[in-house]
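Here is a walk through a two-chain model, written for someone who has the sequence and the coordinates open.

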Amino acid sequence: MTIQYTATDVAPSAQAGGKPQGAPSGTPMVSFEGVTKRFGGTGGQPAFTALGGVDFTVAHGAIAGIIGRSGAGKSTLVRLVNGLEKPTSGKVIVDGTEVGGLPESGLRDLRRQIGMIFQHFNLLSSRTAFDNVALPLEIAGVDAKTIKAKVGPLLDLVGLGDKARSYPSELSGGQKQRVGIARALATDPKLLLSDEATSALDPETTQSILQLLKRINAELGLTVLLITHEMEVVKTIATDVAVIDKGLIVESGRVFDVYASPKHDTTRTLLASSLALPEWLRTAIKPTPSAGDRALVRLVFFGETAFQPLTGRLVAELGSDVNILAGGIEEIGGKPFGSLVVSYSAEPAVLERANRFYAETGLTTEVLGYVA
Amino acid sequence: MSPEMLFNLLLKSLGQTAQMVAAAGIIGSLIGLPIGIFLATSGKGELFPAPTINRIVGLIINAARSTPFIILVVAIIPFTRLITGTSIGTYAAIVPLTIATIPFFARLVEAAIREIDKGLIEAARAMGATPTQIVFKVLLAEARPSLMAALTMTLVSLIGYSAMVGAVGGGGLGDLGIRYGYQRFMPEMMLAVVVVLIVLVQLVQSAGDGLARRFDKRNRKN
């Protein structure tokens, strides 16, 4: 499958506040073309297919989230972008450069343009916060004076201006990740890779780190590619999302669209927090109705429909009682998003009236099954 | 023999031991360090992949480490003569001591480097570091406390080994203890030697521990 995010999808900040992005607009920042990755397969061992043909692009200035369960191939996917892993077949192109075609030295130059942050921070315990942020600059051969001028403002940016002399063991998890972010930004990268950067943090710290990433994306015009197993992360900051399962991208698009109408089972499972049915309801669902059963329907409110009193009108239109079984309202990509699971009589006449009502109002619905 | 003479003997032996341990410790560690780094980074898929050479070097190291030290001393006499021009005396004893130190320290260095979180190597690679930069800026820097501990352990072992080089006229405290304390039935000399050795080992150990602690920022609460 191929998913194209066009240049018009780019967050406005990329053009407005950012520095020049080098590549012509329209070229994606990252693009995967038929990428596969197999591990092993030598010496009689069976090969393990981590990625089985991935096509995927990330636009300049986007915050793209790749979400999947552990073992789905997301870590491999993100490591292909900076060449820490090599694809078995297919192409990974970063800002017009094919990663696989680069010699080792070219790969090192590319990596200096790509920042990366990690789940376990990966800070050097022997260096202070300041020296950790300075490390990528030392590696790039930047002189001490420039390093000194550069690291301070970076620590200020991540809110750790007063912790320059602290060692990682003296910092909290959230502070360590802030140092990690400052370090990733030290070489002025155009792309930031985030490998489960908030998975080791508590919910509150997670939110503050996500807000920091969002701010960096807006202020520096930096493209962010993050992988996570938490829908919460994608929902909070991503503009685009791809769902990966067993080495394949099974669904992708704008976060709001995927959230509003998830097509794949994996997506639904990952959306569990707000969209999964309660256990008692899930076990009661039948795929076909028998006499006297009630239809179980999910109503999704977003955009226009979120602001209209549709539930009340539904009851009136149906001429049947409507039972609310589950639901919630949250904010995704700054827009309200509601989901309501209701049941009503599965009589053909009622169903027909319901469908007419949905068509009229533009309400997104999905028949989940039938319950007694 | 007067007590003064005995004391001077003790002092001279201490000097010989210090000389042998310091020389073998410094030369052996300097040679053992790069070998240890090589062992820790040349496996399959590591920074400087050379799995065949890695295995061969590992084999040699194991062979050297399983040779009893006193046999090593005698076995390499021709080599010792080649280097120092003589096969007896304190300088000659430094050669087998150094040869014994190299594999010992190399294995400790290997262990210290392997202990480092692979995530740090990955992070450095993601920054665009060359393998050499990773060794110097990440591995050696992070392993500093463990390397200090390894050096301490090596020096303490060397003090023990140096007691055996009396066999080739190396002198030193161990030799003094055997010749005077045991063979000349002077228990007070034996006791003095043992006490001096205990103090020496304590000093080396404390100094090493102190330095290791200073380098260690992993658990900074002080």
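This is a predicted model: local features need pLDDT of at least 70, side-chain atom pairs count only at pLDDT 80 or more; totals for chains, interfaces and linings use all residues.

**Chain B**

Let's stay with helix 8 of chain B, which covers residues 173-183. Its buried residues are Leu173(B), Gly174(B), Asp175(B), Leu176(B), Gly177(B) and Tyr180(B). What do they pack against? The buried residues of this helix sit against helix 1 (3-41), helix 7 (131-162) and helix 9 (187-215) of chain B. A bit of helix geometry is handy when you look at such a list: an α-helix has 3.6 residues a turn, so residues three or four places apart point the same way.

Stepping back, chain B has 9 helices and 0 strands. Read from the N terminus, its elements simply go α-α-α-α-α-α-α-α-α. The C-alpha atoms of the chain fill a box of roughly 70 × 50 × 25 Å along the principal axes. Of the 222 residues in chain B, 40% are buried. If you take the contacts in chain B with a separation of 6 or more, 71% of them come from residues 24 or more positions apart.

Gly15(B) belongs to helix 1 of chain B. Is Gly15(B) buried or partly exposed? Gly15(B) counts as partly exposed because it has 14 C-beta neighbours inside 10 Å, and being buried would take 20 or more.

**Chain A: two domains**

Now over to chain A, which is divided into domain 1 (7-266) and domain 2 (277-371). The C-alpha centres of these two domains of chain A lie 39 Å apart. Their contact takes 6 residues from domain 1 of chain A and 7 residues from domain 2 of chain A. On the domain 1 side, helix 9 (residues 255-260) of chain A gives the largest share, 4 residues. By class, that side of domain 1 has 4 nonpolar, 1 polar and 1 charged residues.

**Chain A: the sheets**

One open sheet in chain A is built from 4 strands in the order 2-1-4-5, with antiparallel pairing. Its edge strands are strand 2 (48-58) and strand 5 (97-98) of chain A, each of which pairs on one side only. In strand 2 of chain A, Phe48(A) is the bridge partner of Phe39(A).

Another open sheet of chain A also has 4 strands, in the order 12-13-11-14, and the pairing is antiparallel. Which strands stand at its edges? They are strand 12 (323-332) and strand 14 (364-371) of chain A; each has a single partner strand, so one side of each is left without a neighbour in the sheet. From one strand to the next, the twist averages 15°.

| Strand pair (chain A) | Sense | Bridges |
|---|---|---|
| Strand 1 (30-39) and strand 2 | antiparallel | 8 bridges |
| Strand 12 and strand 13 (335-345) | antiparallel | 9 bridges |
| Strand 11 (294-302) and strand 13 | antiparallel | 9 bridges |
| Strand 11 and strand 14 | antiparallel | 7 bridges |

Gly327(A) stands opposite Leu340(A) in strand 13 of chain A. Phe301(A) faces Gly338(A), also in strand 13 of chain A. Over in strand 14 of chain A, Thr365(A) is opposite Leu299(A). As you trace these, remember that in a regular strand the side chains alternate between the two faces of the sheet.

**Where the chains meet**

Finally, how many residues of chain A are in contact with chain B? The contact joins 21 residues of chain A to 20 residues of chain B. The elements of chain A that give two or more residues to its side are helix 3 (104-111), strand 6 (114-118) and helix 4 (129-139). Helix 4 of chain A gives the most, with 4 residues. Sorted by class, the chain A side divides into 9 nonpolar, 6 polar and 6 charged residues.

Methods:
Residues are numbered from 1 along each chain as its sequence is written. Chains are lettered from A and ligands numbered from 1 in the order in which they are written. Two residues are in contact if their C-beta atoms, placed from the backbone, lie within 7 Å. Ala, Val, Leu, Ile, Met, Phe, Trp, Tyr, Cys and Pro count as nonpolar, Asp, Glu, Lys and Arg as charged, and the others, Gly among them, as polar. Two strands pair if DSSP finds at least two bridges between them. Axes are lines fitted to C-alpha atoms, for helices over the stretch in contact, and angles run from 0 to 180 degrees between N-to-C directions. A residue is buried if 20 or more other C-beta atoms lie within 10 Å of its own, exposed if 12 or fewer, and partly exposed in between; C-beta atoms are placed from the backbone. Domain bounds come from an automatic or database domain assignment.
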